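Here is a short tour of one model, written for someone who likes to check contacts and cut-offs. Have a look at the sequence and coordinates first.

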Amino acid sequence: MTRVVQIAASILNSDLGALRESVQAAEKAGVDRIHLDIMDGHFVPNLTFGIATVEALRGATSLPFDAHLMVSNPSRWAPRYAAAGCQTIAIHIEVPERHQGTLDAIRTSGAKAGLAADPGTPASALAAFKEHLDFALVMTVKSGFGGQPYLPEAAARIGAIRSALGEAPLIHVDGGIRTNTAADAVAKGADVLVAGTALFGAAEMRAAVEGLRPKR
Ligand code: DX5
Ligand code: ZN
């Protein structure tokens, strides 16, 4: 049986002056989820949008919101993104905080808890949190910017992450996902493909979404 793979649209590389329209265009194009790249200019050298924008976008679609927190103090912010209407929240394992409490707080707030891992972070680092997370967000680019090339060596960790976490947690793969890289990520175990440039840079977004899905 072919595993169901979901497509999440990252709006980071959409028209940031028209985010409501970007979200609605992605929904119309058939994506399954909206991926929100929250950057604080400290954990990554880029600054995007925060709670107020997420709250403003919540009413634009009924699709699930996935918050990807690239922030230096996720313990402070993660539960607030659940309250703002996100269904999943990923915090970066590289942040020097005690993550178990934050992951548990995300779950207590009613959202799914995830750990994001940049390409240089070994799969084994996630194993310690196995009982406290619902998904892993495997970065196939260095977090901070859209439009970067897919790093196959980063994708090579997906199998080891699956082994470290067992079968239950989902695996989201984020960065450089395009028609010529999506199949590699799925073959290695991706359950959710996050794509930004490939969708918002496409002439026809619906075809671009379908082009990422595994061929039946
Ligand atoms: C980068 C973000 C990714 C990125 C994906 O830090 O986490 O979600 O926006 O964009 P593309 O698909 O352009 O690589
Ligand atoms: Zn992301």
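The notes below go from the metal site to the ligand and then to some individual residues.

## Ground rules

This is a predicted model, in which local features need pLDDT of at least 70 and side-chain atom pairs count only at pLDDT 80 or more, while totals for chains, interfaces and linings use all residues. Residues are numbered from 1 along each chain as its sequence is written, chains are lettered from A and ligands numbered from 1 in the order in which they are written, and side-chain values use heavy atoms, with hydrogens and water left out.

## The zinc site

Let us begin with the zinc ion (ligand 2). Its protein donors are His35 (NE2), Asp37 (OD), His68 (ND1) and Asp174 (OD), at 2.1 to 2.3 Å. Donors here are N, O and S atoms within 2.8 Å of the metal (3.2 Å for Na, K and Ca); water is not among the atoms, so sites may look incomplete. The arrangement is octahedral because the 6 donor atoms around the zinc ion subtend angles of 71 to 173°. For six donors, that label requires opposite donors over 155 degrees apart and all others between 65 and 115. Ideal angles for six octahedral donors are 90 or 180 degrees.

Along the chain, the donor residues follow the spacing H-x1-D-x30-H-x105-D. Aspartate 37 belongs to strand β2 (residues 33–39) and aspartate 174 to strand β7 (residues 170–174), so this pair ties together parts 137 residues apart in sequence. Helices (H or I, at least four residues) and strands (E, at least two) are DSSP runs, numbered from the N terminus. Aspartate 37 is buried at 4% relative accessibility, and aspartate 174 is buried at 8%. Buried means under 20% relative accessible area, exposed over 50%, and partly exposed in between (1.4 Å probe, protein chains only).

## Around ligand 1

Ligand 1 is surrounded by 20 residues, and the closest are Gly144, Gly147, Asp174, Gly196 and Thr197. A residue counts here if one of its heavy atoms lies within 4 Å. Taken alone, ligand 1 exposes 380 Å², and the protein buries 100% of that; the areas come from the Shrake-Rupley method with a 1.4 Å probe.

Glycine 196 sits in the loop between β8 (192–195) and α9 (197–200). Its C-alpha atom is separated by 8.7 Å from that of histidine 35, 161 residues apart along the chain.

## Threonine 140

Threonine 140 is in the loop between β6 (135–139) and α6 (152–155) and is buried, with a relative accessible area of 0%. Its side chain reaches the backbone oxygen of glycine 175 at 2.6 Å. Leaving aside neighbours within four places in sequence, the contacts of threonine 140 (heavy atoms within 4.5 Å) include Tyr150, Val173 and Asp174.

## Two arginines

Arginine 213 lies in the segment after α10 (205–212) and is buried at 17% relative accessibility. Its side chain reaches the backbone oxygen of glycine 30 at 2.9 Å.

Arginine 20, in helix α1 (residues 19–28), is partly exposed at 39% relative accessibility. The C-alpha atoms of arginine 20 and leucine 57 are separated by 6.1 Å, although 37 residues apart along the chain.

Key. Four donors count as tetrahedral if all angles lie between 85 and 135 degrees; four count as square planar and six as octahedral if opposite donors are over 155 degrees apart and all others between 65 and 115; anything else is irregular. A polar contact is a pair of N or O atoms within 3.5 Å; within protein, one must be able to donate a hydrogen and the other to accept it, and residues adjacent in sequence count only if both atoms are side-chain atoms.
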